[in-house]
Amino acid sequence: MLGMYVITAVGVTVGYHRYFCHRSFQAPRVVQFCLALLGSMAVEGPVLKWVAMHRCHHQHSDKEGDPHSPHHEGEGVLGVLAGFWHAHIGWIFQGDPINLSRYAPDLSGDRMLRVMSKLWVMWAAVGMLIPTIIAGLLTRSWTGAALGFLWGGLARTFLVHHVTWSINSVCHIWGTKPFASHDESRNNFFFGVIGLGEGWHNNHHAFPTSARHGLRWWEVDVSYYIIRGLELVGLAWDVKTPPSERLAGKFAGSTA
């Protein structure tokens with residue numbers, strides 16, 4: 001479960017998010033393919049749609065048109081709870097924004113990504129089969145295979161989904177806001193760690209094209225460490241991070 005959690009979460013954080021959506025670094029085609037594959041195995045939908053939805057979110061963050069803002073459901077406790085539900089999972093059951101595809105024209109022209117998007121269900125199934133087969137071979141039993149499917153497949157998908165959705169919900173309600181931004185994005189330490197760096201969400205919204213979300217030494221950002229590792233072996237380049245003067249210029253002081 002842990003192994004499948006890490007590799008599929010990396011497919012979302014490093015692949016779908018930081019590479020395909022924000023182009024925060026460059027990589028060769030083989031790395032692009034692997035990232036699209038691992039992201040598809042996370043069962044969060046095709047890469048083209050995921051990127052388009054996330055770019056739509058950034059354009060309208062916490063304003064009219066944001067597909068999953070928690071701040072449009074009224075005031076008071078009930079409003080917060082309704083907003084949390086909508087941002088966390090409720091938005092999935094609503095229709096897509098109009099002309100969603102216009103947010104990813106650069107990717108839709110890439111034949112490999114079009115094919116990967118069309119075949120994402122197949123790759124998601126492969127992600128379920130991998131832990132099933134490994135556990136079955138290790139235990140030499142159907143029970144072991146079933147447990148591999150349960151924990152490495154279903155439970156892992158459940159965790160990856162809820163951590164991802166929590167960036168939409170929790171990290172737009174609770175946490176700190178060290179940088180000035182035009183929305184309610186927040187840094188949340190817990191999801192910064194288990195979300196492989198995605199929980200430093202205010203940092204990300206202040207510097208959306210940065211490959212590094214954990215901008216201070218104590219802000220653990222496993223996804224950025226992986227990108228740096230790829231850079232060190234020549235599998236990534238043009239890794240974008242904000243210069244120190246821009247960090248100082250945007251610093252607004254921590255607020256709850």
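Is Cys 21 buried or exposed? Here are some notes to read alongside the model.

1. Cys 21 is buried, at a relative accessible area of 5%. Buried means under 20% relative accessible area, exposed means over 50%, and partly exposed lies in between, using a 1.4 Å probe and protein chains only. Cys 34, with 35%, is partly exposed.

2. A word on what you are looking at: this is a predicted model, where local features need pLDDT of at least 70, side-chain atom pairs count only at pLDDT 80 or more, and totals for chains, interfaces and linings use all residues. Residues are numbered from 1 along each chain as its sequence is written, and side-chain values use heavy atoms, with hydrogens and water left out.

3. How many disulfides does the structure hold? There are zero (a disulfide is a pair of cysteine sulfur atoms within 2.5 Å). Cys 21 is in no disulfide, and its nearest cysteine sulfur, in Cys 56, is 11 Å away.

4. Now for the largest nonpolar core, which has 47 residues. Such a core is a set of buried Ala, Val, Leu, Ile, Met, Phe, Trp, Tyr and Cys residues joined through side-chain atoms within 4.5 Å. Phe 20, Leu 35 and Val 47 are among those with the most contacts inside this core. Helices H1 (2-21), H2 (29-41) and H3 (47-59) are among the elements that give two or more residues to this core, and H1 gives the most, with 10. Helices (H or I, at least four residues) and strands (E, at least two) are DSSP runs, numbered from the N terminus. In soluble globular proteins, nonpolar side chains tend to be buried together.

5. Phe 20 is worth a click. Leaving aside neighbours within four places in sequence, Phe 20 is in contact (heavy atoms within 4.5 Å) with residues including Leu 35, Val 47, Val 51, Leu 107 and Leu 113.

6. His 213 counts as buried because its relative accessibility is 1%. Which residue lies 15 places from His 213 in sequence and 6.8 Å away, C-alpha to C-alpha? That is Glu 198. Not counting residues up to four places away in sequence, His 213 touches Glu 198 as well as others, including His 17, Arg 18, Trp 200 and Asp 221.
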